[in-house]
Amino acid sequence: MSVPLPSIAEGEPITIADDGTRVRDLMHRGIISCTPDDNVGTVAKIMVDKEIHAVVVMDADGRAVGVVSQTDMVLARQGRTPEQARTMLAREVMTPGCATCDADMLLSDAVSLLTARRMHRLVVTENEQPVGVISMTDVVRKIIGE
């Protein structure tokens, strides 16, 4: 039987218990990035070497202009040979734009933002400049206590 998949439109925000933790307390400081002109092979190597699931795409002026995630990489391979996929540019496969939050935001608010948008990570800013990333993996580690 074939059943339609649920919508991926913006979901209802969930209420998260607030213990006062700020995004800055849990985020990974520093941006692991690539340029829009880096090829997918280079981006994949960055992901593997750094053991991360996404790379922020930064333009020449230091602005975050997109994200290349593992999902983007898998989709880039569809209908292409491995070599064709590796030679594609980050700008061709990235998800444009970056969802951001301020480092001083309550973690509970950031989690609500992530869940409402069905996203896995936010670029963290201080004074409107990207300074790190907060991901659902970071939140899971906090919940588990690792």
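**Close-up views of a predicted model**

Arg 118 is partly exposed, with a relative accessible area of 48% (buried is under 20%, exposed over 50%, partly exposed in between; 1.4 Å probe, protein chains only). This is a predicted model, where local features need pLDDT of at least 70, side-chain atom pairs count only at pLDDT 80 or more, and totals for chains, interfaces and linings use all residues. Residues are numbered from 1 along each chain as its sequence is written, and side-chain values use heavy atoms, without hydrogens and water.

**View 1. Arg 118 sits in the loop between α6 and β7.** Helices (H or I, at least four residues) and strands (E, at least two) are DSSP runs, numbered from the N terminus. Arg 118 is not a glycine, yet its phi is positive, about 55 degrees. Most residues other than glycine have a negative phi.

**View 2. Asn 127 lies in the loop between β7 and β8.** Its phi is near 50 degrees, again a positive value in a residue other than glycine. Asn 127 is exposed, at 72% relative accessible area.

**View 3. Four strands form an open sheet in the order β1-β8-β7-β6.** The pairing is mixed; two strands pair if DSSP finds at least two bridges between them. β1 (28-29) and β6 (100-102) are the edge strands, each pairing on one side only. β6 runs parallel to β7 (residues 121-126) over 3 bridges. Thr 100 has Val 123 of β7 as its bridge partner.

**View 4. Helix α6 (residues 107-117) lies across β6, β7 and β8 (129-135).** α6 runs at about 135 degrees to β7. Axes are lines fitted to C-alpha atoms, for helices over the stretch in contact, and angles run from 0 to 180 degrees between N-to-C directions. Helix α7 (residues 136-144) packs on the sheet and touches β1 and β8; contact means heavy atoms within 4.5 Å. The direction of α7 makes about 55 degrees with that of β8.
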